[in-house]
Amino acid sequence: MAERHIHSDLEYRTALMALLIGAALLVVKFIAYFLTGSAAIFSDALESIANVAAGAFALYSVYLAGLPADEGHPYGHGKIEFFSAGFEGGLVLAAAGVMAVKAIYSLIYPTPIERLGTGAAFMALAMIVNGLLGWMLIHRGNISKSITLVADGKHLLTDAMTSVAALVALAIVYWTHRVAADPILALLIAIFIARVGYSLLVDSVHGLMDYQDVGDESTIKNILDSHKGKDGKSPRICSYHKLRHRHSGRYHWVDFHIILPAWWDIRAAHDVASAIEYEIEQAIGEGNATAHIEPCVDGNCARCKAEPSH
């Protein structure tokens, strides 16, 4: 089997745990729905179906993203993580649509809600577990730069928030006996998670379209600027241009052109390029930086004048 990244096994176990717990909570929520008949609980349970389906895809994505580059995929397999985030976003949007339809139906044809205490207890359990699990996934995802784990964690935190809304709906019905409060809260839940699904889709499209990361742009430019000119830190360059960078999942690809004195030999120029490439790679995390070397043709270049040719 192909060699995997060091951190990928921990991510895989985390994703597997999230999937198994999500499946268990799905059962809990549907039990709560069948006991109560609450539209708000139905909305929350429906989102859990999306959680489990997305969790299964996330598990595969984490495994595949952890594999190193090979002959068929010289840039690695990291972009599967963007597909995973997009798949999850699409499921969330679909679930939001079904929730909205169910909520509107319950508004038009209201039904009594039963066993409020039991339903509330089930939902409180689901809320606590999802909240803790979501926080853990985001935390581990940020450490390992796993877009898949972060997206799954955000979805679970959203699920915990919808559980809170479902509990609020049950409380309102219990204290006011206004059954309409339940589908109204369910409709609000549908609108809220639709926004989350849309956000996940946008992030996925940005990644697949190689959208320039503002944070990476600032980090890389700061490094290159620090080496530029006669007053720059060693190794000094005349200037740079054609900076480009993109993500392949958590992996960064950076390329740029650096301008060096025209009389330098190849070895000296290569050493400067390698030093700056290494500095950028250390700053951005997992990634590969490639510098293209060009001779300086600026007769007034302060960097060249500081080290005249011999």
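In which helix is the place of Ile 266? Ile 266 lies in helix H8, which covers residues 266-284; helices here (H or I, at least four residues) are DSSP runs, numbered from the N terminus.

This is a predicted model, in which local features need pLDDT of at least 70, side-chain atom pairs count only at pLDDT 80 or more, and totals for chains, interfaces and linings use all residues. Residues are numbered from 1 along each chain as its sequence is written, and side-chain values use heavy atoms, with hydrogens and water left out.

**Two residues in their surroundings**

Gly 131 has its place in helix H4 (residues 116-144). Gly 131 counts as buried because its relative accessibility is 19%, whereas Ile 266 is exposed at 74%. Buried means under 20% relative accessible area and exposed over 50%, with a 1.4 Å probe and protein chains only. The table gives one C-alpha pair for each of these residues.

| Pair | Separation in sequence | C-alpha distance |
|---|---|---|
| Gly 131 and Leu 156 | 25 residues | 6.7 Å |
| Ile 266 and Ile 293 | 27 residues | 9.4 Å |

When neighbours within four places in sequence are left aside, Gly 131 is in contact (heavy atoms within 4.5 Å) with Leu 157 and Ala 160.

**Packing of H4 and H5**

Two packed helices are described by the angle between their axes and the distance between the axes. H4 and H5 pack at an angle of about 160 degrees, and their axes are 7 Å apart. Axes are lines fitted to C-alpha atoms over the stretch in contact, and angles run from 0 to 180 degrees between N-to-C directions. The two helices, H4 and H5, are therefore roughly antiparallel, a term for angles over 145 degrees. By class, the contact of H4 with H5 has 21 nonpolar, eight polar and three charged residues. Asp, Glu, Lys and Arg count as charged, Ala, Val, Leu, Ile, Met, Phe, Trp, Tyr, Cys and Pro as nonpolar, and the others, Gly among them, as polar.

**Nonpolar cores**

A nonpolar core is a set of buried Ala, Val, Leu, Ile, Met, Phe, Trp, Tyr and Cys residues joined through side-chain atoms within 4.5 Å. The largest has 41 residues, and Leu 133 and Leu 137 are among those with the most contacts inside it. Two or more residues of this core come from each of helix H1 (8-36), helix H2 (39-65), helix H3 (80-108), H4, helix H5 (147-176) and helix H6 (181-208). H2 gives the largest share, 10 residues. Apart from this core lies another, of 19 residues, including Ile 237 and Val 254.

Key:
Parallel < 35°, antiparallel > 145°, perpendicular 65-115°, else oblique.
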